[in-house]
Amino acid sequence: MKKNFTTMILMAAAGVVSGQIRISGKVTDAEHHPLSGVNLAIRDSYDGTTSGTDGTYSFTTTEKGPQVLEASEAGYSTDTFPVNINSMPLSYNPVLVRSYGQLNLVTISAGSFEASDEHRGTVLKPLDIVTTAGANADVISALKTLPGAQQIGESSGLFVRGGTGEETPTFIDGMTVNDPYFSSVPDIAQRGRFSPFLFKGTVFSSGGYSAQYGQGLSGAVILESEDLPKQSSSTLAVSSVGLGLGTDQLSKSKTFSYGGDLNYTNLGPYYGLITQRQAFTTKPVFWNGDVNFRVMTSKTGMLKFYGYGNYSKLGFLQPSLNNPGQQDMFTLDNENVYTNLTYTDLLNEHWKIYLGASYSDNADKIGLGEQSGTGDTLLSLNHVNNRDGLAQGKIMMTRYVGRFSALRFGTEYHDAFNSFGYDQYDTNYVDHYLAAFAETDLYFTTKFMARIGVRTEYSSLLNKWNIAPRISLAYKVADKDQFSVAYGDFYERPDTLFWLNGYDKLGFVRATHYIASFQRVSHDYTFRVEAFYKKYSGLVTTVPDTTNGGSGYAKGIELFWRDRKTFKNIDYWISYSYLDTKRKWVNYPFAAQPNFAATNTLDIVFKKYFPAITSNLGLTYSFASGRPYYDPNLPAADFLSERTIPYNSLGISYDYLANIHGAFTVFVLSISNALNSSQVYGYNYSNDKTRRQAIVPPANRFFFVGMFMSFGVNRTQEVIDNN
Amino acid sequence: MKKIFYSLCICCCVISATAQSSRYIAAMEENVAPLDSVSSMDSLQILSNNFQRIAEAEKSAWLPYYYAGYCQALIAYMEMDMNKVDGYADQAAIFAAKADSLSPNNSEVLCLKSMVASARIKVDPMTRGMQYGMQSGQDLQKAETLDPANPRVYLLEGEGKFYTPAAYGGGKAAAKPLLQEAVDKYGSFKPKSDIDPRWGEAQATQLLAQCSQ
């Protein structure tokens with residue numbers, strides 16, 4: 001008994017003062033790099049340590065028996081290792097795997113520039129677009145400073161890699177926008193209708209875009225609208241061209257929001273001060289308003305509505321080219337309505353549904369006339385009434401597969417109505433367009449993925465259908481470096497104007513894209529180089545009659561460099577595009593470089609922040625080599641051989657941030673073409689070929705002065721009251 | 001004999017139990033003390049891991065989770081590689097959430113949450129300033145209501161205003177009264193124990209001095 005008692009006391013004592021067992025090893029990641037700062041612990045015990053810079057660690061423990069060793073670090077999945085601690089030292093060499101959020105997955109980058117706050121590795125932020133000097137906060141003008149976009153000042157739209165403005169459509173939340181720009185006015189490019197502040201994400205695709213989108217031969221502008229605002233706010237804008245009021249109200253529960261804007265623009269006072277080339281008889285006036293509501297239907301569901309309406313009118317005279325001494329008159333009244341309703345939700349952890357519906361209606365009442373030289377006798381007046389309406393619905397299902405992959409498929413239907421009236425004649429067209437698509441994002445590893453898709457479309461007016469395969473690959477060679485290639489077919493209905501010439505012989509126009517790209521993106525620097533080849537077939541020719549008898553190609557190489565770090569408070573980017581393109585279409589006698597393609601284009605966008613005076617200075621310099629123009633006096637063999645002078649433009653903007661009685665305020669001053677460079681986009685020749693008129697901007701420079709105030713409703717008091 | 005044996009065993013158990021909680025206090029004191037003077041990210045990571053082990057062993061104590069989160073938040077503030085900041089802030093947020101669930105309506109935990117939100121701003125001030133600045137401010141308002149005597153509330157509010165441009169409602173003039181209040185409250189603040197949070201007085205005094213320059 002005594003012996004047993006002593007043994008038991010000794011054993012009890014042993015439990016309190018037992019020997020220390022050493023546990024040591026080295027922590028590495030999946031690529032065998034040592035990891036420092038890792039926490040090594042025995043579960044439920046204090047014992048443990050932190051790994052050193054070489055990944056090694058060593059600690060002693062008094063725990064005994066079956067235990068679990070754990071190795072953990074922020075950004076990695078915790079590693080566990082069951083052991084039995086007796087009297088021998090232990091070795092444990094954990095290998096930690098990165099957790100999902102830190103993975104920096106590879107994404108398709110060929111032909112795509114994305115501006116988003118949410119996604120990692122994007123080249124731009126939405127705010128970068130808004131603050132580009134010379135763009136006057138117009139999304140399209142800002143996108144023109146990216147590689148692939150041409151500097152076209154006399155027509156609306158984005159002219160991408162040798163394609164016309166019609167070849168790059170705009171999408172908002174997945175749906176086609178028929179009239180993203182204000183109605184065309186001869187030789188004056190119009191800005192986009194929608195404020196950039198509406199959008200949380202912008203993707204500019206210069207080719208190779210997803211099978212979810214169609215009807216764009218060259219590229220696409222893919223816009224994603226904002227979700228719920230962070231807080232309620234109201235805005236007031238006063239500028240040299242108009243006034244604007246807006247509000248965005250967030251509910252107390254933070255589950256829904258509603259808002260609206262009202263804008264009045266009148267260029268009269270500005271044109272009174274700064275003479276334009278055209279003599280405006282009706283100074284341009286624009287009224288536009290929009291309303292929106294956003295509802296979080298569940299933790300994962302969102303219902304969004306956006307409605308927009310616009311009324312505008314303008315009229316001007318300019319010296320007539322064909323009847324010297326007389327004046328050509330142009331008047332335009334425009335009414336436009338655009339609505340967009342979308343619903344997205346996760347049905348369960350694997351399935352997501354998207355439903356979208358949109359209706360738009362645009363009516364242009366145009367007057368084309370001749371007036372006597374003294375301006376008081378109307379010699380002729382013709383009325384052109386164009387109307388286009390679009391009702392569309394789209395549904396898309398996404399199935400998440402494995403950790404990162406996804407399968408998407410969907411269908412859309414468009415009811416497109418177009419009406420053209422010229423004096424007493426008018427013709428209407430209705431096209432029922434149906435499309436279906438399927439696409440998969442296949443992640444073979446976190447560094448290598450493929451996007452394989454197919455899209456099929458049918459147009460009732462053309463009575464034709466098409467099938468377009470599209471495939472893109474992306475491979476991440478290092479943490480910041482990736483290669484991406486894309487191939488695909490892109491179809492588009494011929495422009496509505498060609499339908500007037502007879503559409504029964506027309507079919508889809510087709511472009512096949514081949515793109516290869518390399519980029520290095522870090523927080524402070526971005527470098528991109530991209531090469532492309534685009535083959536057009538079925539371009540519309542109008543001589544001898546309207547058929548798809550044309551073809552063409554576009555090839556080139558583009559560079560992009562952005563640096564936010566080297567110079568203090570300075571952010572700049574440089575885009576260079578080289579374009580070699582020829583096409584035979586409309587009335588071209590043979591394939592030639594079209595008048596909307598410049599061989600070399602260079603854009604330098606520069607922004608500097610002055611913290612002491614809370615101001616930003618922005619400079620945007622654009623250069624493009626001369627554009628081809630048609631001189632009818634030259635022999636047919638020299639068709640489109642002449643070139644305009646090169647294009648130069650320096651835009652300057654200065655903004656000053658202040659706080660006025662709690663309202664965040666920005667004062668903006670901007671000048672386009674500050675250096676007063678001559679800009680010639682092309683030439684119009686008279687019918688008798690003896691006279692010509694240069695196509696130039698309405699004024700050499702555009703001056704803008706404005707003030708924007710944002711009043712945020714401070715909800716902290718409500719938060720305290722609720723608590 | 002048996003009685004003596006059993007009472008000895010019970011004594012050993014009791015000794016072990018009290019040794020356990022005095023082990024907790026000793027371990028906490030050992031790791032809280034260097035917090036006033038630590039300045040390198042590596043040392044902060046070591047302290048953070050120490051607090052994490054204590055927290056996960058104890059399971060029901062909020063203080064070690066709080067301090068682990070505090071260390072991660074400081075690392076996030078010091079980290080200059082923008083790609084890594086969110087990783088530390090995320091980890092700090094996890095610890096803060098654990099501390100919050102173990103000790104709800106705790107003014108110190110809310111101050112920590114405010115620090116975590118502010119740490120994220122520098123990754124992209126133009127885009128994140130508004131969202132995280134607001135969230136940080138709301139957490140501090142709640143912290144102030146729960147304990148108006150907590151000097152760290154005023155230190156963090158003042159620090160926030162100090163580093164915000166005047167155009168957005170910040171600047172030295174706006175920060176000064178808050179930092180003055182913080183310094184005053186530090187003078188009269190008595191922490192509940194010597195392991196309860198008491199950091200920040202030197203920081204507040206130094207920033208207040210800069211306001212007058």
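Visitor: Which strands make up the open sheet of four strands in chain A, and in what order?

Guide: The order is S4-S3-S6-S7 in chain A, and the pairing is antiparallel. Strands here are DSSP runs of E with at least two residues, and helices are runs of H or I with at least four, numbered from the N terminus. Two strands pair if DSSP finds at least two bridges between them. This is a predicted model, where local features need pLDDT of at least 70 and side-chain atom pairs count only at pLDDT 80 or more, while totals for chains, interfaces and linings use all residues. Residues are numbered from 1 along each chain as its sequence is written, and side-chain values use heavy atoms, without hydrogens and water.

Visitor: Which strands stand at the edges of that sheet?

Guide: Strand S4 (48-50) and strand S7 (79-85) of chain A do; each has a single partner strand, so one side of each is left without a neighbour in the sheet.

Visitor: And how many bridges link S3 and S6?

Guide: Four bridges, in the antiparallel sense, between S3 (residues 39-42) and S6 (residues 65-72) of chain A. Ala41(A) stands opposite Glu70(A) in S6(A).

Visitor: Switching topic: how many residues of chain A are in contact with chain B?

Guide: 38 residues of chain A are in contact with 37 of chain B, contact being heavy atoms within 4.5 Å. Together the two chains bury about 3,400 Å², 62% of it on carbon and sulfur atoms. Buried area is the accessible area (1.4 Å probe) lost when two parts are put together, summed over both.

Visitor: Which side chains meet in a salt bridge there?

Guide: The rule finds one salt bridge across this interface. Lys59(B) and Asp44(A) form that bridge, at 2.3 Å from N to O. The rule asks for a side-chain nitrogen of Lys or Arg within 4 Å of a carboxyl oxygen of Asp or Glu.

Visitor: How many salt bridges are there over all chains?

Guide: The whole structure has 33. One of them joins Arg408(A) and Asp441(A), 2.9 Å from N to O. Arg408(A) lies in strand S23 (residues 405-422) and Asp441(A) in strand S24 (residues 425-445) of chain A, so the pair ties together parts that are 33 residues apart in sequence.

Visitor: What do S18 and S19 of chain A form?

Guide: A hairpin, with six residues between the strands. S18 (residues 279-295) and S19 (residues 302-319) run antiparallel and are joined by 14 bridges. Asp290(A) stands opposite Tyr308(A) in S19(A).

Visitor: Which strand pairs with S19(A) over 18 bridges?

Guide: Strand S20 (residues 327-346) of chain A, in the antiparallel sense. There, Lys313(A) has Asp333(A) as its bridge partner.

Note on methods:
Chains lettered and ligands numbered in written order.
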